[in-house]
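Morning, everyone. I'll take you through one model in a few minutes, starting with the strands. Please have the view open.

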Amino acid sequence: MIFAIDVGNTNIVFGGVGDSGTVFSSRINTDHDKTEDEYAVIFKTLIDIRGENIASFTGAIISSVVPQLNDVLKKAVSSIIDCEPLIVGPGIKTGLNIRIDNPSTLGSDIVVGCVAACAAFPKPLIVIDMGTATTLVHVDKDGIYRGGIIVPGVMVALRSLSSNAALLQQISLEAPKKTIGTNTADCMRSGVVFGNAAMIDGLIDRMCEEIDREPTIVATGGLAPKIISNCRHKIIIDNDLLLKGLKIIYDKNVSDE
């Protein structure tokens with residue numbers, strides 16, 4: 001089993017992943033101010049809570065879109081697991097053929113998600129990741145990454161609406177019973193939940209016009225279950241997609257050593 005960490009702008013998702021899949025996973029807030037010791041304590045505590053043994057980890061790998069945390073997290077992991085974590089980035093073999101204007105600008109989270117989706121589902125693919133930003137990306141029938149779409153994430157848009165409109169309060173993120181709300185909270189819920197679902201459906205329609213056959217659509221991210229369940233397209237939700245992708249990339253690089 002390896003220790004896999006996906007570092008996003010809002011959350012850090014980490015867990016143990018073995019050959020048969022994800023053994024456990026946890027989600028914490030991304031905190032730029034925490035030290036390596038503080039992250040080490042969090043990791044060890046949650047591993048213990050999940051009933052796992054630190055000694056069962058044979059390696060570690062990190063995907064991060066927050067570069068300033070990379071060294072902190074590497075040291076945190078090394079202090080509890082006797083290994084040097086791999087970092088997804090230049091020099092790491094992923095097996096994903098990237099055909100965009102500047103492949104070096106593609107986020108490691110997108111790469112990892114596409115690697116996992118290619119391994120688990122029929123191609124072509126549309127892979128959706130709902131985090132700080134919502135991304136929809138396309139891998140063609142030959143496994144080539146062709147590009148995608150980036151829009152503001154659900155919570156980013158909701159916080160912006162609440163903070164810039166004095167009479168619009170923060171709300172819980174759940175679908176209302178009807179599309180047409182009869183109070184402010186339900187009107188906002190409808191806009192956020194159904195609006196994002198409709199946006200994703202519409203973007204998928206536009207992407208499919210440029211894809212030569214029916215794609216498999218896969219979604220991941222902390223907010224995916226709340227939004228995707230209201231979409232009209234058939235979309236597979238895989239909450240552990242990135243952790244699975246990290247295991248694939250880890251194996252590819254360790255086996256080639």
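Start at the hairpin. It joins S2 to S3 through two residues. S2 covers residues 11–18, and S3 covers residues 21–29. The two pair in the antiparallel sense over eight bridges. Within that pairing, glycine 16 stands opposite phenylalanine 24 in S3.

Some ground rules before I go on. This is a predicted model, where local features need pLDDT of at least 70, side-chain atom pairs count only at pLDDT 80 or more, and totals for chains, interfaces and linings use all residues. Residues are numbered from 1 along each chain as its sequence is written, and side-chain values use heavy atoms, with hydrogens and water left out. Helices (H or I, at least four residues) and strands (E, at least two) are DSSP runs, numbered from the N terminus. Two strands pair if DSSP finds at least two bridges between them.

Now the sheet around that hairpin. Five strands form an open sheet in the order S3-S2-S1-S4-S5, with mixed pairing. S3 and S5 stand at the edges with a single partner strand each, so one side of each has no neighbour in the sheet. Alanine 4 has its bridge partner in S2, namely glycine 15.

What packs here? Look at helix H2, residues 70–80. Its buried residues (under 20% relative accessible area; exposed is over 50%, partly exposed in between, with a 1.4 Å probe and protein chains only) are Asn70, Val72, Leu73, Ala76, Val77 and Ile80. Why do they count as one side of H2? Because they cover an arc of only 165 degrees around the axis, taken from the directions from the helix axis to the C-beta atoms. The general point is that an α-helix has 3.6 residues a turn, so residues three or four places apart point the same way. The buried residues of H2 pack against strands S1, S2, S4 and S5, and against helix H1. Contact there means heavy atoms within 4.5 Å.

Is serine 56 buried or partly exposed? Partly exposed, because its relative accessible area is 29%. Serine 56 and alanine 157 are 101 residues apart in sequence and 41 Å apart in space, C-alpha to C-alpha.

Six strands form an open sheet in the order S6-S9-S8-S7-S10-S11, and the pairing is mixed. S6 (97–98) and S11 (236–237) are the edge strands, each pairing on one side only. S7 and S8 pair in the antiparallel sense over six bridges. There, valine 127 stands opposite valine 137 in S8.

In the loop between H3 and S7 sits proline 124. The peptide bond from lysine 123 to proline 124 is cis, with omega near 5 degrees. For context, most peptide bonds are trans.

The search uses a 1 Å grid over the protein atoms alone: a cavity is a set of points where a 1.4 Å probe fits but cannot get out, a pocket is an open set with protein on both sides within 12 Å along at least five of seven lines, and lining residues have an atom within 4 Å of a point. Grid points are joined across faces, edges and corners, and a volume is the space filled by probe spheres set on the points.

The largest pocket has a volume of about 740 Å³. It is lined by 41 residues, and the closest to its centre are Asp109, Asp129, Gly131, Thr132 and Ala133. S9 gives the largest share of that lining, five residues. The lining divides into 19 nonpolar, 16 polar and six charged. Here Ala, Val, Leu, Ile, Met, Phe, Trp, Tyr, Cys and Pro count as nonpolar, Asp, Glu, Lys and Arg as charged, and the others, Gly among them, as polar.

The second largest pocket holds about 330 Å³. Its lining has eight nonpolar, seven polar and no charged residues.

Last, cavities. How many of 30 Å³ or more does a search of the whole structure find? One. The largest cavity has about 50 Å³ of space. Among its lining residues are Asp109, Val127, Asp129 and Val137. H3 gives the most to that lining, with four residues.
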